[in-house]
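Please keep the two chains in view while reading the points.

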Protein chains: 2
Amino acid sequence: MPSPNKQVIFSKIPTTYPLSGEHITVQTSSIDLDAPLGESQFILKLLVLSVDPYMRGRMRDSSVKSYFPAFTLGEPMNGGSMSVVLKSNNNKFKEGDLVYGGMGSFQEYILVTKETEALYVVRNDPKKTGIPLTNYVGALGMPGMTAYVGLFKYGAPKKGETIYISAASGAVGQLVGQISKTLGLYVVGSAGSDDKVAYLKEIGFDAAFNYKTADDLTEKLREVCPKGIDIYFENVGGQMLEAVLNNCNLFGRIIACGMISQYNRERPEGIHNLMLVVGKRLRMEGFIFSDETEMEEAFRKDMTKWVLEDKFKYRETVAIGIEQTPQAMYDMLIGNNFGKQVVKVADL
Amino acid sequence: MPSPNKQVIFSKIPTTYPLSGEHITVQTSSIDLDAPLGESQFILKLLVLSVDPYMRGRMRDSSVKSYFPAFTLGEPMNGGSMSVVLKSNNNKFKEGDLVYGGMGSFQEYILVTKETEALYVVRNDPKKTGIPLTNYVGALGMPGMTAYVGLFKYGAPKKGETIYISAASGAVGQLVGQISKTLGLYVVGSAGSDDKVAYLKEIGFDAAFNYKTADDLTEKLREVCPKGIDIYFENVGGQMLEAVLNNCNLFGRIIACGMISQYNRERPEGIHNLMLVVGKRLRMEGFIFSDETEMEEAFRKDMTKWVLEDKFKYRETVAIGIEQTPQAMYDMLIGNNFGKQVVKVADL
């Protein structure tokens, strides 16, 4: 007998912010959970899904080439997710196994007919370790790996240097900041509300400010980074990047992780002071966590240890119910959320 | 008895292009060539001086901090030069020695009262090797070292890749292109006249175009770099950089050597597509040859060998007479010259 199956559908290409009910809609399809499974097939029940800034770039015309595939109009979106195996005819995925999906389909039930590398059973059983399921799409998932790889591989941090992190209370930034403190860096962050700034100070940032109330970003950075900026963990782009370039020290590194302030503009802002890259001998480097497979084992080992030790705080905003996904996406992009934005779809 | 001593004076801070007679003037001072020399002192007679794009950045208010010192208003400018020792009371600099100066003073005669690291006697005697003196401020000097370090250290070239070089017929670009050919790269360049484009093809570039007559730089680069751009040797900045970012391949490297199109603007152009640095995982890195002392020996060895073998063509524009320096500087900045711009001050 068919069961209802709610799906998060990419319904229209946005030009600025994607709106709930217009660009992203929740529709109810159906799935027969009792139908016999074909060879190697299994059914996943979605527990948690992750909405992340990079997904905005996938909401485009599929004829535009880029290095993450576009979402397909009229089809469910996909991304980081945690699911449980409901039933299975596949000996690698057993009933009750918890499964991480890097590009998991955003629907309540998923009939998996083809295995992909992006799906795997999590090794440490969360029921035994007590690790919250949401952590698997946060500190232990893409955002955690992004923070880890970005800082260690592209930041080349040295004790005593100053790191500045924009969107510092976000899914990636809060980890970058806390790891940086353990390395002996002077850690400065910015965020978009006084609450977020207070949180940054609470988790050990040496200085933090609300960029929305700063009159002049170049001056503000000069004030909060008195020794200049050696490493910039770039999540924002635009005017913030200009202000950082003005404050970078010689041989500074810019870890280009994302530029969220630009994703929802029809025309991105221009950067007028890139000449400083030459004079100051700066290195700006873009990266995407999924290229960095050689660091994955070290990341999993270190981060699992840190999570089990409760070493770092990790703030999340959890929306309840798959219907909240479009709004959660909007809130994350505009900064209405706080910390890592996830959607809890069902209990285990 | 005092002899006249013509000097190239930094006389006014320019806001756009520096003009002869206004921002740079030639004045006649005097020097007593027969006066007794103090301990360790010596007198140099200037033979060749070099005008280079980076010098524009030194024509600023000295209160503005940067990583090359500002020229002093009312004083002689300085830069790459070749001189001969006229008389000496210093056993490291003997009469008749040819001396290279990285920051040699731009005046016909220089009384050296303090040795600096930037002054040294050239090892291969040009009178025996036949190497033209101008080569010491070109292929064998700062521009050669810039080409060598930029390409090998920051470009990480791999056989079969495409390199694109802007200002490709200039002091640095023509060397980058010819070295790149020997490494098995597909070499593409742009320049500002049809003559220069013809020269690029003559020296082995696989493709070249006149950027001044290209309607759309992004489209033009797509046409001349059919496999995309893996390495960009950046001499130009501005709109050219935007067009290159549009055409960069995944993991492309941007060797940020200079941005000459921006030096004489009151407000530099904005770069609107820097987000591509993230999506394409690009690396953009600024450098200045003088930091790269660990590569200097390899450079001198390789480049001297190449010059002695006549391996590469090296086009120069030689202005005759120190009075021509201000105009030579203007011509170099606006692109009226062809190849490396030097000024021949006196014969050996």
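1. About 2900 Å² is buried between chain B and chain A, and 66% of it falls on carbon and sulfur atoms. Buried area here is the accessible area (1.4 Å probe) that two parts lose on being put together, summed over both.

2. A word on the basis. This is a predicted model, in which local features need pLDDT of at least 70 and side-chain atom pairs count only at pLDDT 80 or more, while totals for chains, interfaces and linings use all residues. Residues are numbered from 1 along each chain as its sequence is written, chains are lettered from A and ligands numbered from 1 in the order in which they are written, and side-chain values use heavy atoms, with hydrogens and water left out.

3. How are the two chains related?

4. Chain B gives 32 residues to the contact, and chain A gives 32 residues. Contact means heavy atoms within 4.5 Å. The same surface serves both copies: 100% of the contact residues of chain B recur in chain A.

5. Three salt bridges are counted between chain B and chain A. The term needs a side-chain nitrogen of Lys or Arg within 4 Å of a carboxyl oxygen of Asp or Glu. One of them pairs Glu285(B) with Arg283(A), with the closest N and O atoms 4.0 Å apart.

6. Strands meet here too. E13 of chain A (residues 283–286) runs antiparallel to E13(B), and three bridges join them. Strands are DSSP runs (E, at least two residues), and helices are runs of H or I with at least four, numbered from the N terminus. Two strands pair if DSSP finds at least two bridges between them. Glu285(A) stands opposite Arg283(B).

7. Over all chains, the structure holds 33 salt bridges. Glu294(A) and Lys153(A) form a salt bridge at 3.3 Å, N to O. Glu294(A) lies in the loop between E13 and helix H8 and Lys153(A) in helix H2, so the pair ties together parts that are 141 residues apart in sequence.
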